[in-house]
Amino acid sequence: MPIPVMPTSSTARDRTSPAAVSALGLRKSYGDRTVLDGIDLHIPAGSVFALLGPNGAGKTTTVQILSTLLTADGGQAQVAGHDLAAAPQAVRAAIGVTGQFSAVDGLITGEENMLLMADLHHLSKREGRRVTAELLERFDLTQAAKKPASTYSGGMKRRLDIAMTLVGNPRVIFLDEPTTGLDPRSRHAMWQIVRELVSDGVTVFLTTQYLEEADELADRIAVLHNGRIAAHGTAEELKRLVPGGHVRLRFTDPTAYRAAASALHGASANDETLTLQVPSSGTSRDLRRLLDRLDSAGVEADELTVHTPDLDDVFFALTSAPALPSQPEETAR
Amino acid sequence: MSSLPLAVRDSTTMLRRNLLHARRYPSLTLNLLLTPVMLLLLFVYIFGDTMAAGLGDGPADRSDYIAYIVPGLLLMTVGSTVVGTAVSVSNDMTEGITARFRTMAIHRGSVIVGHVIGSVLQSVLSVVLVGAVAVAIGFRSTGATPLEWLAALALLVLFATALTWIAVGMGLVSPNAEAASNNALPLILLPLLSSAFVPVDSMPGWFQPVAAYQPFTPAIETLRGLLLGSEIGHNGWLTVIWCLGLAVLGYLWSTARFNSDPK
């Protein structure tokens, strides 16, 4: 008679979609300051995940925990199939980390930095030289290879940083604010780099304060606020969370501003900048009706902009007080 | 790769990195040598005659004082060199590169071990350089046997290892390079309170026990004995105990600091 067997842990894992990073209830606090207050993550392999949040939201702490730099106070996580607490060395072997502050050795040259990484990944001399030359070429650093890394510009340092991260062929790459402090050209170059990484099948976990960046790069986005995930989903899903767009009217004459404010009920007014924000779907009929109302009140706006919902709206809706009803705001610090 | 070959390989890589730093920026190392060399010249050529008169044991001249002061200055050179180690460890910790090392599947201790071995090698090299200056101004060992030279070298390495582990710990707890340099200052000041410049029994009575039993004095007396044939007595054992104690203490302190979560 066949005996029913309990599913082994490996068959149980096969049923779920393969996750490059998964976390359950991650917590971290320093003294009585709670930085992470129970973070759950599920990041499918081969995707780009963006952790979005204002300064101090806990983005860096999350990356530091998932990359084995810090130990969490509570919760558990697997990275590349290995448990953070039980097998940190196996996690390290599978990941690459580019921190917020450049992790290059400024005293030695770019090439020596690369060869150092090759040695630490135990590549043979020849293989190390090959990988170094290839990555320096790919990141446009061949010219500067023999110069000390401390003489590099911000963008070059960041490129060297990522090149060093790639030496060991990591399957999961953490990029903590990869474009903070970069000029627009370097930022776009960095975006291109991230897209290429993913096309190689790597999973990218990035943090950013820039909504544009998350929108551009990420398959899935989580908004981190006060140590919790305030919302997560694709950019489109998140944009659906906030009500439709609005029209912004700006005035230079306070009298006109007040007249318009009383004519347009339901507009949110900003007395300091003399702007009105009127909910609107952005259709021509909607706009005509708005302009008609302004006309009949006898005022003209000095500037009119139509605003369709973007991640900014989501971000501000989720991270500004008062918070979502389900999320009691912590006392102001 | 199993644990020991991994440790050796990664530590070698880290050592190469530290030696590369030292080679690329020799001014850092040479600056640290300035203090012992200046003190050597100052005490021999400016204060030499007076100091020699204070040595006792009949009429003495400047050359006697050269012989007296050199062993102490050689060990002071070690103290001076490891201050540089504290600074470079502290620099390393504040740079992102150490965070990178921590997230890599390398042998954890290799970062520190690389610093320690590099620092000991640098100390030996520094002592050789200061020793060369000493020989140039007239220092001669009085008939030390090859075995005694070997013992002197071993003493040097042991002493450098002990001070280096302490310096690494100081570097790890210092928030920046300036603080590391300040925290490591006792390693330069202690020799001034030892038998390096004047004999302990010429010091005030209440201070003599402090001077006689701090780590530098036994090591200086032992080196003096090996190079110049003076009485070593209990100083040999005292030196070994001090060095092993400091090395173990520094090792435990440093590894605990390095393995704890960065703040």
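Tutor: Among contacts in chain A between residues at least 6 apart in sequence, 69% join residues at least 24 apart, two residues being in contact if their C-beta atoms, placed from the backbone, lie within 7 Å. This is a predicted model, in which local features need pLDDT of at least 70 and side-chain atom pairs count only at pLDDT 80 or more, while totals for chains, interfaces and linings use all residues. Residues are numbered from 1 along each chain as its sequence is written, and chains are lettered from A and ligands numbered from 1 in the order in which they are written.

Chain A holds 12 helices and 14 strands; these are DSSP runs numbered from the N terminus, helices being H or I of at least four residues and strands E of at least two. Of the 333 residues in chain A, 41% are buried, that is, they have 20 or more other C-beta atoms within 10 Å of their own, against 12 or fewer for exposed and a count in between for partly exposed, with C-beta atoms placed from the backbone. An automatic or database assignment divides chain A into domain 1 (9–104 + 152–240 + 313–332) and domain 2 (246–308), whose C-alpha centres lie 39 Å apart.

Chain B meets chain A through 20 of its residues, which contact 23 residues of chain A. On that side of chain B, α1 (3–24) and α5 (96–102) each supply at least two residues, and α1(B) gives the most, with seven. By class, this side of chain B has nine nonpolar, four polar and seven charged residues; Ala, Val, Leu, Ile, Met, Phe, Trp, Tyr, Cys and Pro count as nonpolar, Asp, Glu, Lys and Arg as charged, and the others, Gly among them, as polar.

The helix pair itself is in chain B. Helix α4 (residues 62–94) and helix α11 (residues 216–228) of chain B pack at about 125°, with their axes 9 Å apart; axes are lines fitted to C-alpha atoms, for helices over the stretch in contact, and angles run from 0 to 180 degrees between N-to-C directions. α4(B) and α11(B) are therefore oblique to each other, since angles under 35 degrees count as roughly parallel, over 145 as roughly antiparallel, 65 to 115 as roughly perpendicular and the rest as oblique. Residues of α4(B) including B:A67, B:P71 and B:L74 meet residues of α11(B), among them B:F216, B:I220 and B:R224. The contact of α4(B) with α11(B) has 10 nonpolar, one polar and one charged residues.
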